[in-house]
Amino acid sequence: MASAALLLQAGGQVWAAGSALSDDPIPMVTEAEVRKHQEENSGPAPLIAGDHHSSELSTDAVPIIAEDEEPEPTPPIFQRGEKFLASGNLAPGIELPTGAIWQPALWVFGDARTAIGHYANGVEDPRQFWASRIDIFANLKLTPTERILIGFSPLTEKRRNTGILYTDEGGVEYVNGLNPYVTTLFFEGEFGEIFPNLDPDDNRNFDFGFSIGRQPLFFQEGMMINDSVDALGITRDTIVIPGLTPDLRATGVFGWNNIRRGDNELDDSAFLLGLFTEADFRKSTANLDLAYVISDEDEGGDGFYFGASAVQRFGLYNTAFRINTSTAIEKRGPAVDNGVLMFSEVSRTVTASENVVYANAFWAIGNYTSAARDSLTGGPLGQVGILFAAPAVGLGGSALSNRADSVFGGSIGHQMFFNEDKTQLVMELGGRKDTDGSDAGVVAFGGQLLHALNNRSSIQVDGFVSAGQDRKAGTGLRMELRTRF
């Protein structure tokens with residue numbers, strides 16, 4: 001006999017149900033019966049004496065926010081065609097012979113930053129400065145997956161932001177970073193979306209993303225590569241390996257120009273080859289990255305680079321563990337050297353708040369160098385914390401050196417949010433200690449205050465004090481005004 005189950009209807013009747021489908025029609029429950037049932041059972045059952053609780057959802061209607069009551073998005077300085085983050089109907093677009101439908105839109109945006117400050121790390125000549133930087137981009141959106149992006153930084157050249165610098169040794173100096181060069185220019189898209197007629201049922205393996213041109217490359221959180229390179233990149237996403245991972249991404253990169261080596265200097269002879277992978281597992285996301293740089297540079301020739309990382313959550317704690325290696329194939333120098341960099345990050349959200357506490361640690365064995373680093377990014381340890389990060393605008397430097405040359409150290413910090421998240425404050429303690437007997441150990445304490453003035457502008461104040469072996473006490477203070485347009 002088929003097993004029976006009990007169904008409780010709104011009217012309170014008990015029905016028997018077998019495993020076979022019945023030919024008898026079952027009456028629909030009306031809204032009136034539902035309301036009657038809710039009224040009869042609206043009294044919540046007590047959990048304990050003096051305590052009542054109901055998990056039943058409210059039946060009160062929640063009004064939908066009218067379109068004219070929605071907050072307006074902050075538009076870019078110029079837009080033509082489809083509006084940025086706007087609501088409404090989509091334009092019909094232009095159908096290409098390939099079957100793709102393009103809906104062109106042009107957005108021009110960027111930001112202007114100016115900073116004044118004092119910088120003295122206890123080793124170099126103290127300096128006071130005023131410097132500015134502008135980054136402006138024009139984004140020609142063709143579809144959600146295809147676009148052309150061009151960018152300029154007319155006040156920044158190499159390691160210089162345009163401004164005024166004062167030192168006791170050199171006096172007042174005008175720093176000229178003016179340049180007309182294109183810093184970003186690339187096209188990116190997806191083969192299957194550009195040629196949909198080749199796969200109208202979307203069941204063939206044509207989903208290859210690609211980008212070509214001068215584009216930012218960022219791998220291993222910038223420790224292996226953090227540069228803008230003339231390159232071709234091809235990506236295959238959503239690779240499923242049964243029993244191992246439901247999603248594997250693989251990217252191949254060939255870079256032929258505009259490559260800066262581990263010393264942040266441009267190497268006109270360099271070529272970059274890379275294979276970068278990312279896989280999602282049940283409890284972790286892992287990266288395995290390989291890169292090779294071919295070069296005739298006298299300061300360091302060919303180099304091989306390896307990186308592996310795992311990012312996951314253990315209970316309340318967010319963690320990331322990374323290991324990166326650099327190997328000089330022919331000759332060692334500032335551009336490429338032999339080294340291993342091990343790095344770990346641990347953070348968690350403070351209970352009953354949005355504040356975050358974190359602890360980061362690193363150990364560099366030998367002299368680790370990156371495969372490619374932009375002029376203003378400093379060394380590979382900028383990820384350790386605000387005391388190690390190179391300022392994006394200014395004529396100073398970081399409180400603690402971000403070079404990974406036979407050293408260990410780390411940072412601990414607390415990020416706090418106030419004023420409905422319009423204001424945030426980071427307080428951090430960090431240090432580094434040499435392992436080659438150079439007596440270059442140093443510790444620093446600093447903070448960063450960031451406050452949003454409005455939807456476009458913010459003000460940031462950074463400061464630090466430091467002390468170390470064979471050096472004077474260090475101090476730094478920088479104030480930056482940033483406006484996004």
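## The second largest pocket

The second largest pocket holds about 1,000 Å³ of space. Its lining is formed by 37 residues, and the closest to the pocket centre are Tyr 119, Glu 124, Gly 397, Ser 398 and Asn 402. Sorted by class, the lining of this pocket contains 13 nonpolar, 13 polar and 11 charged residues. At least two lining residues come from each of strand E12 (160–167), strand E27 (405–418) and strand E28 (423–434). As with every value in this report, these come from a predicted model.

## Aromatic rings

A pair of aromatic rings is described by the distance of the centres and the angle of the planes. In this structure there are 10 aromatic pairs. One of them joins Phe 191 and Phe 195 in a tilted arrangement, with 5.0 Å from centre to centre and 40° between the planes. Phe 191 is partly exposed, at 32% relative accessibility. Phe 195 also counts as partly exposed, its relative accessibility being 31%.

Phe 191 takes part in a pair with Phe 206 as well: the ring centres are 6.0 Å apart and the planes stand at 75°, so this pair is edge-to-face, since an angle over 60 degrees places a pair in that class. Phe 191 belongs to helix H2 (residues 191–194), while Phe 206 is in the loop between H2 and strand E15 (208–219); the pair therefore ties together parts that are 15 residues apart in sequence. Through such ring pairs, Phe 191, Phe 195 and Phe 206 are linked into a cluster.

Arginine residues also lie over aromatic faces, as the following table shows.

| Arginine | Ring | Distance from the ring centre |
|---|---|---|
| Arg 236 | Phe 208 | 5.3 Å |
| Arg 348 | Tyr 317 | 5.6 Å |

Where in the fold does Thr 325 lie? Thr 325 is part of strand E23, which covers residues 317–328. Is Thr 325 buried or exposed? Its relative accessible area is 17%, so Thr 325 is buried, the limit for that class being under 20%. Apart from neighbours within four places in sequence, the residues in contact with Thr 325 are Phe 304, Tyr 305, Phe 306, Gly 339, Val 340 and Tyr 368.

Key. Residues numbered from 1 in each chain as written. Predicted model: local features only at pLDDT ≥ 70, side-chain atom pairs only at ≥ 80, totals over all residues. Heavy atoms only, no water. Phe/Tyr/Trp six-rings, centres within 6.5 Å; stacked < 30°, edge-to-face > 60°. Buried < 20%, exposed > 50% of the residue type's maximum accessible area, 1.4 Å probe, protein only. Helix = DSSP H or I, 4+ residues; strand = E, 2+ residues; numbered from the N terminus. Lys NZ or Arg CZ within 6 Å of the ring centre and 35° of its normal. 1 Å grid on protein atoms, 1.4 Å probe; cavity = no way out; pocket = protein on both sides within 12 Å on 5 of 7 lines; lining within 4 Å. Points joined across faces, edges and corners; volume = space filled by probe spheres on them. Nonpolar A, V, L, I, M, F, W, Y, C, P; charged D, E, K, R; others polar. Contact = heavy atoms within 4.5 Å.
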